[in-house]
Amino acid sequence: MIEINGLTKKYGSFTALDSLTINIDRGIVFGVVGHNGAGKSTAFSILATLLSPTSGTAVINGASVTHEPEKVRKQIGYMPDFFGVYDHLRVNEYLDFYGASYSISTKDREKLIPQLLDLVNLTEKQNSYVDVLSRGMKQRLCLARSLIHDPEVLILDEPASGLDPRARVEMREILKELKNMGKTILISSHILPELSEMCDQIGVINKGKLVAHGSVADIQQQLQADKVIVVAFHGQMDRAVSFFEDDPSVSKIIKLENNSIQFQYSGNEEAQMKLLKKAILADLPILGFKPLDSNLEDVFMEITKGVDLN
Ligand SMILES: Nc1ncnc2c1ncn2[C@@H]1O[C@H](COP(=O)(O)OP(=O)(O)OP(=O)(O)O)[C@@H](O)[C@H]1O
């Protein structure tokens, strides 16, 4: 559905997007995560036909973003990270205006707008002026606007940014509904856990490059080789340290307070079990042996940490 190949954007000698290559199948929710300035908006603006790439190609549902922008625009609904709303319009007038600009007939707009307002939970606000809406409501109105021509693909640049937790949950629920409607959704955030729940696949962008790509489980697995284990002892710390130092899968041993050590472990679960058994047989006074769960945020920080791309 979306084929991105070697997409690159340079501003002078600075490379904002570096050979991005991703294929996204129909009906998939694909999350793009990256720190501020990673290149997410640059990539999304190119896909939305608002920015020309320096090189590379992107094709959406068979149409090239560079050669057939008009065709692409009919297929996509785009929600930019910063957007303007016309404050002097009421909510329903605002959607009516955009519907008319997509040449949707008055009769169809009369049917469509209440459905969209219902989808984004703004029915009660249909006669309110846009400028009195809360930030969350404005974001939802912008989402409704991007849906007005019933596009197959949605390109949503940080749709939940600046929202409070409740408004984020509301936005997430709406996106789930859009996924159930069969839309292909490309969504960005700088917060990985926010995307992990609703995305089928995730791409991590760092300094313009895709540094990890796959299902949430795949991405988590990339780090499993580096899981962190904490072991607590009843004394004999020096003997414990030298025991674990001898294992080739153990690295970066740190002595913690309370007679504990922490180290990175690259073995699999079976090897980890054997290591614990060996430590007990060596008569080390072990009180606790605990692999730390790496949450998604840790995974993201690890993947984007110190990646030297230049
Ligand atoms: N018009 C421009 N001229 C020069 N540099 C630019 C321009 N637009 C973006 N950049 C740079 O390109 C890089 C990528 O920016 P981009 O907005 O795509 O990042 P982002 O991942 O969307 O970040 P954020 O989460 O902060 O929106 C940044 O270093 C930015 O300063």
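Predicted model: local features only at pLDDT ≥ 70, side-chain atom pairs only at ≥ 80, totals over all residues.
The protein chain is assigned two domains, domain 1 (2-214) and domain 2 (222-295). The C-alpha centres of domain 1 and domain 2 are 45 Å apart.

The ligand is surrounded by 13 residues, of which Tyr11, Ala16, Asn36, Ser41 and Thr42 are the closest. Two elements, β2 (14-24) and α1 (40-47), each give two or more residues to this shell. The largest share is that of α1, which supplies three residues. Sorted by class, the shell around the ligand holds seven polar, four nonpolar and two charged residues.

Helix α1 was also examined for burial. Eight of its eight residues are buried, so α1 is largely enclosed by the rest of the structure. The buried residues of α1 are Lys40, Ser41, Thr42, Ala43, Phe44, Ser45, Ile46 and Leu47. Just after α1, threonine 49 adopts a positive phi of about 70 degrees.

Strand β3 (residues 29-33) is likewise mostly covered, with five of its five residues buried. Val29, Gly31 and Val33 point one way from the strand, while Phe30 and Val32 point the other way; residues of both groups are buried. Two strands are joined to β3. Strand β8 (residues 184-189) runs parallel to β3 and is connected to it by five bridges; within β8, isoleucine 187 is the bridge partner of glycine 31. Strand β9 (residues 201-206) also runs parallel to β3, and four bridges join the pair. In β9, glutamine 201 is the bridge partner of phenylalanine 30.

Serine 19 counts as partly exposed because 15 other C-beta atoms lie within 10 Å, a number between the limits of 12 or fewer for exposed and 20 or more for buried. Glutamate 158 has a positive phi of about 50 degrees and is placed in the loop between β7 (153-156) and α6 (165-180). Glutamate 158 counts as buried because it has 22 C-beta neighbours inside 10 Å.

Conventions
Residues numbered from 1 in each chain as written. Near = placed C-beta within 6 Å. Nonpolar A, V, L, I, M, F, W, Y, C, P; charged D, E, K, R; others polar. Domains from an automatic or database assignment. Pairing = 2+ DSSP bridges.
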